[in-house]
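Here is a short briefing for a first look at this structure.

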Amino acid sequence: MKRFGQALTGLTLLSLVPLASAGGIYIGGGLYNASVDEKIDNVDFDDDDTTGALFLGWRPIELIGAEVGYYDFGEQEADNGTKIEGGAVTLAGLLSFELGPVGLYGKAGVADTDFDIRNAAGDDDDSSTDAFGGVGATVDLLDKLYFYGEFVHFDNDAGVDMVGAGLRYHF
């Protein structure tokens, strides 16, 4: 069921592409390493997973913007065999500076986080709305195609850190 929700979120983001004829719209996605190094309810997590993210953004002017996205946290396993799997739908404000073909940006906002928890005692889930933020850089590859790299931290119980890179296309 979790994967269905993730696929539905991705399809929803991609279905908005025809609306991108308005100026300043961009879409993107990339591969990330999601890591957790936290003690949650007396259970030590120190694991990472390769995952992905999709996003849709709007920059009405070069300096500021807004972005909605989905970050997959992958599956993290604790020393005692407890596993958490989850992701977050995000809404963020962006502040960016273009320095020729290179751009620097920061983002901050809210993340609607959902985790599935599996252990010997049974299955459970946990949802929360938390702050998140990050920093990144872009490189202009072609006129409208950019390579990006970013670090993002989610201030949820798991304290998920993500480092990733991908492509962003501006309409």
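The chain has one helix and eight strands. From the N terminus on, the order is α-β-β-β-β-β-β-β-β. This is a predicted model.

**Whole chain**
- The chain holds 171 residues, and 40% of them are buried.
- Take the contacts between residues at least 6 apart in sequence: 55% of these join residues at least 24 apart.
- The accessible surface of the chain is about 8800 Å². Carbon and sulfur atoms account for 60% of that surface.

**The largest nonpolar core**
- This core has 26 residues.
- Phe45, Tyr71, Phe73, Phe154, Ala158, Val160 and Met162 touch the most other members.
- At least two core residues come from each of S1, S2, S3, S4, strand S5 (102-119) and strand S7 (145-154).
- S1 gives the most, with five residues.
- Alanine 158 is in contact with Val36, Glu38, Ile40, Ile84 and Phe115, leaving aside its neighbours within four places in sequence.

**The loop between S1 and S2**
- Aspartate 41 is found in the loop between strand S1 (25-40) and strand S2 (43-58). Asparagine 42 lies in the loop between S1 and S2 as well.
- Most residues other than glycine have a negative phi.
- Aspartate 41 is not a glycine, yet its phi is positive, at about 50 degrees.
- Asparagine 42 also has a positive phi, near 65 degrees.

**The loop between S3 and S4**
- Threonine 82 sits in the loop between strand S3 (64-77) and strand S4 (83-99).
- Why does threonine 82 count as buried? Its relative accessibility is 7%, and buried means under 20%.
- The side chain of threonine 82 makes a polar contact of 2.9 Å with the side chain of asparagine 80.
- Setting aside neighbours within four places in sequence, threonine 82 is in contact with Val43, Phe45, Gln76, Glu77, Ile117, Arg118 and Asn119.
- One of these contacts, Phe45, is also among the core residues that touch the most other members.

Methods
Residues numbered from 1 in each chain as written. Predicted model: local features only at pLDDT ≥ 70, side-chain atom pairs only at ≥ 80, totals over all residues. Heavy atoms only, no water. Helix = DSSP H or I, 4+ residues; strand = E, 2+ residues; numbered from the N terminus. Buried < 20%, exposed > 50% of the residue type's maximum accessible area, 1.4 Å probe, protein only. Polar contact = N/O pair within 3.5 Å; in protein donor to acceptor, adjacent residues only side chain to side chain. Contact = heavy atoms within 4.5 Å. Areas by Shrake-Rupley, 256 points an atom, 1.4 Å probe, with all protein chains shown as cover. Core = buried A, V, L, I, M, F, W, Y, C linked by side-chain atoms within 4.5 Å.
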